[in-house]
Amino acid sequence: MIVFSTSDKGGTGRSVTSCNLAYRLCLTGKNVAYVDFDFGSPTAGALFEISAVERGVPYGGMHSYLLGQIGSATRFDVRSVTDRIALRTFASRSGKLVLFPGDEGGAEFLTVDDDVVRRCAELLLALEQEFRVVIVDLSAGRSGALDIALRATAKEQLQRRTVRWLIFHRWTRQHILAASGLVHGPHGLLHTGKECGHDEAALLESIRYVRTAVPAPGEQGIAERPAQATWLLEQDTALKRLASANQLGASTVLGKTPIEPVLQWREQVILDSDVNAHIANEATATAYVELARRLVDAATWERF
Ligand SMILES: Nc1ncnc2c1ncn2[C@@H]1O[C@H](COP(=O)(O)OP(=O)(O)OP(=O)(O)O)[C@@H](O)[C@H]1O
Ligand SMILES: [Mg+2]
């Protein structure tokens, strides 16, 4: 399965959530590839705490590969190179977690030629055969990365592969409208996908939304005063209505993550040991487990 992670806005929690999702999938025994297609800001190495690759590799990352400057993509086995000791010691039945980093000096693709698309399709096809799940973190918005992904997956050799799209957004008015625009708006995913040769209805069925860092307005400690509590609950209801009206209703949602204090301070993988040490919230780890489960559950992707 190939999973593209994208969002309209930056800073939505796309990379942090995708890394945690990749990690949780591994724990269930699946081999997972994490591919950094955020060409302007390839920071997946930092999330997995691989100091040598914090901002991508100096040469030979995804950008160089797509341009044909290197023959095979650079890869790192996360477990063997991470600086985080607790991340090295996965449970024995867990799968492989392999990072395909970006280039430190890479930049967004302003124009995308057929050779770049062909190389991308070849890479995705090879990774799809080697790994149970291939997560590709795309640059935000209507980017060159999105264009490459849509054109590559429209190619015949990838048409019969399972491809999913996750759209990340925060739980605010602007983020809901932006996420809807990225999918349904002019030059959005559906419009561009159709132009690339995708079947629009099939493409729509392969898209789910992930709401990140969602506050729980009714929870103790969130509101300081009764008037504030009432207002927060009203806003939450209004956002739910807005999401439904913009085709982001409950049936289109893969899941949501709660606000996690650890992630407000530091981008990282939330390990069970962080929860056991009472540092990270259990609800956050549970949310990632649940996202991983729903992603690979066929029932999630039935027609809605
Ligand atoms: N559940 C959460 N609770 C609190 N903060 C979060 C949560 N998820 C992510 N964050 C934080 O939000 C910030 C943005 O997250 P992240 O870098 O993953 O977003 P992004 O969409 O990949 O951004 P970019 O467009 O810059 O690549 C980070 O500081 C991250 O730690
Ligand atoms: Mg990111």
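Strand β1 (residues 2-6) and β6 run parallel to each other and pair over five bridges. The model discussed here is a predicted one.

Reader: In β6, which residue is the bridge partner of Ile2?

Author: The place to look is the pairing of β1 (residues 2-6) with β6, which is parallel and holds five bridges. Ile2 belongs to this region of the chain, and its partner in β6 is Val163.

Reader: How many of the eight residues of strand β6 are buried?

Author: A residue counts as buried when its relative accessible area is under 20%. Strand β6 covers residues 163-170 and is described as mostly covered, and the number of its residues that are buried is seven.

Reader: In what order do the strands of the open sheet follow one another, and which are the edge strands?

Author: The sheet is open, has eight strands and shows mixed pairing, with the order β3-β4-β2-β5-β1-β6-β7-β8. An edge strand pairs on one side only, and this holds for β3 (76-77) and β8 (253-258).

Reader: In which sense do β3 and strand β4 run, parallel or antiparallel?

Author: Strand β4 takes in residues 97-100, and in it Leu99 is the residue that Phe76 stands opposite. Two bridges join β3 to β4, and the sense in which these strands run is antiparallel.

Reader: Which residues of β2 lie on its two faces, and are they buried or exposed?

Author: Strand β2 (residues 32-37) is mostly covered, with six of its six residues buried. On one side are Val32, Tyr34 and Asp36, while on the other are Ala33, Val35 and Phe37, and the state of all of these residues is buried.

Reader: How many bridges join β2 to β4, and how many join β2 to strand β5?

Author: With β4, strand β2 runs parallel over four bridges, and Val35 stands opposite Phe100 there. Strand β5 (residues 133-138) also runs parallel to β2, and Val32 stands opposite Val133 in that strand. The count is therefore four bridges for β4 under the rule that strands pair if at least two bridges are found between them, and for β5 it is six.

Reader: Is Glu49 buried or exposed, and where does the residue lie?

Author: Glu49 has a phi near 60 degrees, which is a positive value in a residue other than glycine. The residue lies in the loop between α2 (44-47) and α3 (62-66).

Reader: In which strand is Ala213 found, and what is its relative accessible area?

Author: Ala213 also has a positive phi in a residue other than glycine, here near 50 degrees. The residue is found in strand β7 (residues 207-214), and it is partly exposed, with a relative accessible area of 24%.

Reader: Why is the chain said to be as compact as a globular protein of that length?

Author: The secondary structure of the chain comes to 15 helices and eight strands. The globule rule gives 19 Å for 304 residues, and the chain is as compact as a globular protein of that length because its radius of gyration is close to this, at 19 Å.

Note on methods
Residues are numbered from 1 along each chain as its sequence is written. Chains are lettered from A and ligands numbered from 1 in the order in which they are written. This is a predicted model: local features need pLDDT of at least 70, side-chain atom pairs count only at pLDDT 80 or more; totals for chains, interfaces and linings use all residues. Side-chain values use heavy atoms; hydrogens and water are left out. The radius of gyration is taken over C-alpha atoms; the globule rule is 2.2 Å times the number of residues to the power 0.38. Buried means under 20% relative accessible area, exposed over 50%, partly exposed in between (1.4 Å probe, protein chains only).
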